[in-house]
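Colleague: I would like to learn how to read helix packing and a nonpolar core. Please take me through one example.

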Amino acid sequence: MADRKQMLIGGKWVDGTGTEYIPIHSPATGELLAEVPMGTTEDVDQAVEAARGARHEMAAVGPYQRSELLHTVADLISERKEEIARDLAQEQGKPYHSEAMGEVEVAVEMWRDAAEIIKRLEGEVVPSSDPNKRIFTIRQPHGVYGVIT
């Protein structure tokens, strides 16, 4: 039996609520690499609720703390880059050295770029028709986004 994966919901690895799994095969060899849970609407609801539950806590995290969190993600990816590149190569049939490893290194760099950019996100002062008023804009989170990749 192939390695059965779990879902990351609310910071914890959990089994999906459904019973179906999607087989992941190597396109190069046809080998069964793993099975991933077929997400259900209940799984989505749990993930959205967990994200909404973290909203207030994350809103209190300042830009420099967020930057540190993003650098931590980059560090963790970097520490596991060989393993991640191997998985990419097996799952997608990419050459390990010429594509998969480079893709992981780009991911690390993008997390580091985001970590630095977040420290410089600024609001603006917008002109007003009234010379005695100033209009300030600030960036605020919009809430939970669902993304399928």
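Modeller: Start with H3 and H4, which pack at an angle of about 125 degrees with their axes 9 Å apart. The axes are lines fitted to C-alpha atoms, for helices over the stretch in contact, and the angles run from 0 to 180 degrees between N-to-C directions. Helices here are DSSP runs of H or I with at least four residues, and strands are runs of E with at least two, numbered from the N terminus. The model is predicted: local features need pLDDT of at least 70, side-chain atom pairs count only at pLDDT 80 or more, and totals for chains, interfaces and linings use all residues. Residues are numbered from 1 along each chain as its sequence is written, and side-chain values use heavy atoms, with hydrogens and water left out.

Colleague: What does the angle make H3 relative to H4?

Modeller: Angles under 35 degrees count as roughly parallel, over 145 as roughly antiparallel, 65 to 115 as roughly perpendicular and the rest as oblique. H3 is therefore oblique to H4.

Colleague: Which residues of H3 and H4 make the contact?

Modeller: Contact means heavy atoms within 4.5 Å. On H3 the residues are Lys81, Glu82, Ile84, Ala85, Arg86, Leu88 and Ala89, and on H4 they are Tyr96, Ala100, Met101, Glu103, Val104 and Glu105. They divide into eight nonpolar, no polar and five charged. In this scheme Ala, Val, Leu, Ile, Met, Phe, Trp, Tyr, Cys and Pro count as nonpolar, Asp, Glu, Lys and Arg as charged, and the others, Gly among them, as polar.

Colleague: How do H2 and H4 cross?

Modeller: Their axes come within 8 Å and cross at roughly 170 degrees, so H2 and H4 are roughly antiparallel to each other. Among the contact residues are Leu70 and Ile77 of H2, and Val108 and Trp111 of H4.

Colleague: Which residues form the largest nonpolar core?

Modeller: In soluble globular proteins, nonpolar side chains tend to be buried together. A nonpolar core is a set of buried Ala, Val, Leu, Ile, Met, Phe, Trp, Tyr and Cys residues joined through side-chain atoms within 4.5 Å. Buried means under 20% relative accessible area, exposed over 50%, and partly exposed in between, with a 1.4 Å probe and protein chains only. Here the largest core has nine residues: Ala74, Ile77, Ala85, Leu88, Ala89, Ala100, Met101, Val104 and Val108.

Colleague: Is His142 buried or exposed?

Modeller: His142 is exposed, with a relative accessible area of 71%. His142 lies in the segment after strand S7 (135–137).
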